[in-house]
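Dear colleague,

I am passing a structure on to you with this email, and below it I have set out what was found, going through it part by part. Please keep the structure open beside the text as you read.

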Amino acid sequence: MKKFLFVLSTLVCALGAMMAETPVYLDDSKPVEERVEDALSRMTTAEKIAVIHAQSKFSSPGVPRLGIPEVWCTDGPHGIRPDVLWDKWKQAGATNDSCVAFPALTCLAATWNPDMALLYGQSIGEEARYRNKNVLLGPGVNIYRTPLNGRNFEYMGEDPFLTSVMVAPYVRGVQKNGVAACVKHYALNNQEVYRDHVNVLVDDRTLHEIYLPGFKSAVTEGGAWAIMPAYNKYNGDHACENAPLLLDILKGDWAFDGVAISDWGAAHNTEKVATNGLDMEFGTWTNGLNWGASNAYDNYYLAKPYEKLINEGKLPMKDLDDKARRVLRLIFRTEMNRNRPYGSLNSDEHYAAARRIGGEGIVLLKNDKNLLPVAPGVRKILVVGENAIKMLTVGGGSSSLKVQRETLPLDGLRAKAADKGVEIVYERGYVGDINGEYTGVTTGQDLKDSRSADQLIADAVKAAKEADMVIFIGGLNKSKHQDAEGSDRTDFALPYGQDKVIEALVHANPNTAVVTLTGNAYAMPWLDKVPAVVQGWYIGSEAGNAIADVIFGDVNPSGKLPMTFAKKLTDYAPHARGDSLVYPGVNGDVRYNEGLDVGYRYTDKARKGGNVNFAFGHGLSYTTFRLGAPVASAKEYDGEGTFTITVPVTNTGDRAGAEVVQAYVRDLKSSVYRPLKELKAFRKVHLAPGETKDVILQLDKRAFAFYDPATKLWTVEPGKFEILIGTSSANLPAKLPLHLTRPLTWPDSAH
Ligand code: BGC
């Protein structure tokens, strides 16, 4: 008995000692901040330095001595990138890293449905989690300033309000999985030409009203745990070293408590990155040869050079502590969160989400004589165009993917047509870019065709004459100077002679529909002759099925353009005067002279009779809707609480469908320039045939404010406003007057 009691008391003591020794940072019953401080207090300077820079292409070390794990990042933003080698961009050759490609973010934005953004974030977050990635390098929220920007497809269009509404649920959806969203590219990375050094000169008001709201919403509404400072400069300093962007705005006004992770190779100077708010350095090009250091990663600005300055007392420990603290917080929120779910990869649910988002984002731009959906009498359809048969998930830069499967448009159409007893024949029409490789991922497609351009057209025309209907599927692709990272487009027109093919087809068969897969607007010289036009974006794994759903009417289109489709390049303000300083820049500077006049804010002003083919917010349906008279909660508003507008919407057709009710604010008299109207509320409503629902739009004081650079305050001037309500920026039949009763101001930090 004595012996037993002795053993028992020894055990109890040992257990007690073990429990007493459980460090706070490992105790997940403790608040994260306490754990962070505890972990930080145990770290040496060298360990703090280690966690703030890369150890491989996409990872940074943890603190092995303390059992704190590595951080693994992944692109983003449309699917989880396949693994590359430790220190090379080449494929690692893994066999478990193929993914579902979700629709590009332009397509997501075109759904105008925040529920789709949440579904998207949740789904891609699950894929990232399953692949054991802690940071998803996305979403992208740079503004569509010019249709030439090669990376527009990765962003959410031209409007700061639409972007802000869509980004927050994406971020929340990702982070539910214990995966950080890293919002990019902060800020003003609105072109790819000269992206690594171009110095953006933009006035403060435009910065706050147009270019920052998406990022602000991701941080303050979405609660983003990471952000990616961009390559370009702003006011002379690289974004990664930019105190106003990182310290004053992001970490000051927006109280961002996450990690600022440099774009790959975007850091340039130790003192500046150390002092001005960057937290982690990735992708720097150091050769490791002439520094006498053991490996290239030690040469990073935030590695040995920073450690040396800290040890010499030339830079303060408090900044290093702040960086390490943020990295620890990220690790506790992600990898060291034992309650996070396990995630899933290539699940049926993810394919279903991709198809659903794709279907909701496809925009029916034009549909004369109800050419679409395919009418019951149609027995034979000719499909023409390279994008009907080309995998578009490979290429385009860092968003390139290795998909588990990708349904091509022709295959999606064929499958559905077979079910409906419709014959599909195919003709190429033109040869674009047959390359199908990106950093070692190959599509395996052989798209060679030796026919001449004239022969290709002649063959397509012959087939068009024999078909009941023609569907042309073209657009841009992910090759250099198309929709691709690292270069901009050089032309607003469709490439590879597609205009000629379309003209010939519609001449041969007037029942021709044009479907374009692009991330950008483009010229449509044939528009008057073509009865139906569909904007299909890049849809990813489910491209073919989502397109077939819409073409055959199983999905009633409800997408709306997130950017203006103007007639000519010069209808976009940065190109209006052909001034190279405004785009793409001269001697290292690009000056945003157009100020607030981005997208519809400019075309509204310059229109005088229609210089857009399709306006921002435009998109048709196979059914029809009637908007009843909107009712406002009041005629006067003092800026307290929210102001509500109720709009009854009826589906007057015979198919279920969805409409997006949009509200734009116009300030009738202001002491400063204000765009003619600005989107400030919208809501998508799904309606059965004959059904009516009240759509409730809520606005608050922010909808009426401008940013005053002199006072640095958001400012509402009292007086008369109008709220314009309708279904696109060019179709706003209802107008509600509103009187703002008192002046209001608030700092950017009050959100
Ligand atoms: C891109 C980022 C990307 C990073 C890592 C950079 O070139 O600009 O968007 O996340 O590479 O691949």
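In helix H16, the buried residues are Gln498, Asp499, Val501, Ile502, Ala504, Leu505, Val506 and Ala508. The helix, which runs over residues 498-508, is therefore described as mostly covered, with eight of its eleven residues buried, where buried means under 20% relative accessible area. Among the elements that cover these buried residues of H16 are strand S11 (380-384), helix H15 (453-465), strand S15 (469-475) and strand S16 (512-517).

Before going further, please bear in mind that this is a predicted model. The chain averages a pLDDT of 95, and 96% of the residues score at least 70. Among the elements of the chain, strand S9 (residues 259-260) has the highest mean pLDDT, at 99, whereas helix H1 (residues 2-21) has the lowest, at 52. Where pLDDT is low, the predicted coordinates should not be read in detail.

Just after H17 comes Gly553, which takes a positive phi of about 85°. In helix H11 (residues 304-311), the buried residues are Pro305, Tyr306, Glu307, Leu309 and Ile310, and their cover includes helix H3 (45-51), helix H10 (270-275) and H12.

Next come two pairs of packed helices. How do helix H2 and helix H12 pack? Helix H2 (residues 32-42) meets helix H12 (residues 317-333) at an angle of about 130°, and their axes are 9 Å apart. H2 is therefore oblique to H12, and it passes H12 in a right-handed crossing. On the side of H2 the contact is made by Val32, Glu33, Arg35, Val36, Glu37, Ala39 and Leu40, and on the side of H12 by Asp321, Ala324, Arg325, Leu328, Arg329 and Phe332. Sorted by class, this contact of H2 with H12 has seven nonpolar, no polar and six charged residues.

The second pair is formed by helix H6 (residues 160-175) and helix H8 (residues 213-220), which pack at an angle of about 30° with their axes 8 Å apart. Because angles under 35 degrees count as roughly parallel, H6 is roughly parallel to H8. H6 passes H8 in a right-handed crossing. Here Pro160, Thr163, Ser164, Val167, Ala168 and Val171 of H6 meet Pro213, Gly214, Ser217 and Ala218 of H8, and by class the contact has six nonpolar, four polar and no charged residues.

It is also worth looking at the loop that holds Ala187, which lies between strand S4 (180-186) and strand S5 (199-201). Is Ala187 buried or exposed? Its relative accessibility is 0%, so Ala187 counts as buried. Leaving aside residues up to four places away in sequence, Ala187 touches Asn142, Leu212, Phe215, Ala230, Asn232, Ala239 and Leu245. Ala187 and Pro510 are 323 residues apart along the chain, and their C-alpha atoms are separated by 46 Å.

Finally, there are some details of the backbone. A cis peptide bond, with omega at about -5°, joins Lys184 and His185, and His185 lies in strand S4. The peptide bond from Tyr583 to Pro584 is cis as well, with omega near 0°, and Pro584 is found in the loop between strand S18 (565-566) and strand S19 (589-591).

Thr439 has a positive phi of about 35° although it is not a glycine. Thr439 sits in the loop between strand S13 (437-438) and strand S14 (441-442), and its relative accessibility of 25% means that Thr439 counts as partly exposed. Trp537, which is not a glycine either, has a positive phi of about 55°. Trp537 is found in the loop between strand S17 (532-535) and H17, and with a relative accessible area of 0% Trp537 is buried.

With best wishes

Conventions. Residues numbered from 1 in each chain as written. Predicted model: local features only at pLDDT ≥ 70, side-chain atom pairs only at ≥ 80, totals over all residues. Heavy atoms only, no water. Axes fitted to C-alpha atoms, helices over the stretch in contact; angles between N-to-C directions. Helix = DSSP H or I, 4+ residues; strand = E, 2+ residues; numbered from the N terminus. Parallel < 35°, antiparallel > 145°, perpendicular 65-115°, else oblique. Left-handed = near helix turned anticlockwise from the far one by under 90°. Contact = heavy atoms within 4.5 Å. Nonpolar A, V, L, I, M, F, W, Y, C, P; charged D, E, K, R; others polar. Buried < 20%, exposed > 50% of the residue type's maximum accessible area, 1.4 Å probe, protein only. pLDDT = per-residue confidence, 0-100.
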